[in-house]
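Open the model in your viewer and keep the selection panel at hand.

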Amino acid sequence: MEARLNLMGSPAAATFVKHLSSAGKVVSDSGLPASTQELVKIRASQINGCGFCTDMHTKEATAAGETPTRLNLVAAWREATVFTEAERAALELAEQGTRIADAAGGVTDEAWGNAAKHYDEAQLAGLVFLISLINAFNRANVIVRQPAGDYRVGQFG
């Protein structure tokens, strides 16, 4: 499979990615746990059918010490016993924030309130921006059909 557009070689794409990545500094500075960040990125990428990001963030999470069991169960997090209540709240917010069009009201007050029980204001902001950013990356990769499987840990950072 070959991408429709070379996102890695296009100057315009490189500029776009640079700006999105720089916006991601807000997330990394928010205090939101790195493991939660990776779980959220993986779940949104699964929902969006973004193989490239699913590959990338699964490999990054593995390199950071995430267990195969937890990674294998991200798609079925509701039925899995391996996630904390805080991680569950983040995954629920990620799902609802990714599937905005599926619900007339967007993210429910219940999902927001549950996340607010586990995360402070800076972490909540980080979570909101993380969900927004991963969805932007997912959409670009899905539109151009960016192939998955060849990502190397640390390739972009």
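Which side chains meet in a salt bridge at 2.4 Å, N to O? Select Glu 66 and Arg 70: their side chains form that bridge. A salt bridge here is a side-chain nitrogen of Lys or Arg within 4 Å of a carboxyl oxygen of Asp or Glu.

Before moving on, note that this is a predicted model, where local features need pLDDT of at least 70, side-chain atom pairs count only at pLDDT 80 or more, and totals for chains, interfaces and linings use all residues. Residues are numbered from 1 along each chain as its sequence is written, and side-chain values use heavy atoms, with hydrogens and water left out.

**Charged pairs**

Stay on Arg 70. It is buried, at 12% relative accessible area; Glu 66 is also buried, at 12%. (Buried means under 20% relative accessible area, exposed over 50%, partly exposed in between, with a 1.4 Å probe and protein chains only.)

Arg 70 sits in helix H5 (residues 68–72) and Glu 87 in helix H6, so the pair ties together parts 17 residues apart in sequence. Helices are DSSP runs (H or I, at least four residues), numbered from the N terminus. Glu 87 is buried, at 7%.

Next, select Arg 78 and Glu 92. Their closest N and O atoms are 2.6 Å apart, in another salt bridge. Arg 78 lies in the loop between H5 and H6, and Glu 92 in helix H6, so this pair links parts 14 residues apart in sequence. Arg 78 is partly exposed at 45%; Glu 92 is buried at 18%. The whole structure holds 10 salt bridges.

**Nonpolar cores**

Now show Val 40, Tyr 119, Leu 127 and Ile 131. They touch the most other members of the largest nonpolar core, which has 16 residues. Such a core is a set of buried Ala, Val, Leu, Ile, Met, Phe, Trp, Tyr and Cys residues joined through side-chain atoms within 4.5 Å. Helices H6 (85–98) and H8 (121–144) each supply at least two of its residues.

A separate second core has nine residues, including Ile 42, Ala 61, Trp 77 and Phe 83.

**Surface stop**

Finish at Trp 112 in helix H7 (residues 109–118). Trp 112 is partly exposed, at 37% relative accessibility.
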